[in-house]
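Welcome! Let's take a friendly walk through some aromatic rings, one question at a time.

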Amino acid sequence: MRITINKFTFFLPNRFIGYVLKKAVMNEDLFVNKTEKEVKDLFKLVKKELIEFKKRNGRIVLVDVKDSDGSRVKITL
Amino acid sequence: MQETFGIRFQRFRKAKNLTQEDIANKFNISPQAVSKWENDISYPDITILSDLSELLGVSLDELLGKTTEPTVIQQRTEPKDSKDMILRIVVNDSDGSKVKVNLPLSLIKLGLHSNFQVSSTGNKQILNDIDFDQIIKMAESGLIGKLVEIEDEDGTTVDIFID
């Protein structure tokens, strides 16, 4: 997995994808009315699905955000 | 505009339903190397070109773009498995920012089946009104391409594609 923030790219093992997505999503309180365990279980499934998808279809750009001030965040699996 | 090697190679690869990893495994190279070929950053070693054309089911001339005959690519007749479909959401905010999210359709289904409620976040309220269940049904019935195009009153646009 690679995370690009502006001009810097960080390479992380794919096993961190669940953690990264959880952090990215939970910071915005995207999910409501769910217990911590339910969210944790969901992200385990998400990680599994994503890794299997990548095995079948190759690299995928999950998120690419370009802000109006020129900053950019990109997450590629 | 002339088709580059990378674009041509990717077209042949997809026509054979092969992933970059399939190619990489076959030739003991990294998927990144295959990605570089497709982006015309580097090219395959000349010693594997013959095997590569054989794997892709095209002649060496076709692979190198030296043929004048149109290449016939067999179209996929059966609908693509929904497990391999991608839902792409492109949001062009009126303030100039742009957000692209590409997620496997299976993940969207997983989220919907888990009954996770998505709360409104900032100015992405426009996304909350989209019926993703309906979009999944459309995709599973074989519809692909741009399925949704919305423009907010403030100029924010949301496009949803299925690939």
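The questions below look at ring pairs and at charges over rings in this predicted model.

Q: How many aromatic pairs are there over all chains?
A: Rings of Phe, Tyr and Trp pair if their centres lie within 6.5 Å. By this rule, the count over all chains is three.

Q: Is B:Phe5 buried or exposed?
A: Buried means under 20% relative accessible area. The relative accessible area of B:Phe5 is 10%, so this residue is buried.

Q: How many residues apart in sequence are the parts that B:Phe5 and B:Tyr43 tie together?
A: The two rings have centres 5.8 Å apart and planes at 70°, so they form an edge-to-face pair. B:Phe5 is in helix H1 of chain B, while B:Tyr43 is in the loop between helix H3 (31-38) and helix H4 (49-56) of that chain, so the parts tied together are apart in sequence by 38 residues.

Q: Which residue's ring has the charged end of B:Arg88 over it?
A: A charge counts as over a ring if CZ of Arg is within 6 Å of the ring centre and within 35 degrees of the ring normal. The charged end of B:Arg88 sits 4.4 Å from the centre of the ring in question, that of B:Phe161.

Note on methods. Residues are numbered from 1 along each chain as its sequence is written. Chains are lettered from A and ligands numbered from 1 in the order in which they are written. This is a predicted model: local features need pLDDT of at least 70, side-chain atom pairs count only at pLDDT 80 or more; totals for chains, interfaces and linings use all residues. Side-chain values use heavy atoms; hydrogens and water are left out. Rings of Phe, Tyr and Trp (its six-membered ring) pair if their centres lie within 6.5 Å; planes under 30 degrees apart count as stacked, over 60 as edge-to-face and the rest as tilted. Helices (H or I, at least four residues) and strands (E, at least two) are DSSP runs, numbered from the N terminus. Buried means under 20% relative accessible area, exposed over 50%, partly exposed in between (1.4 Å probe, protein chains only).
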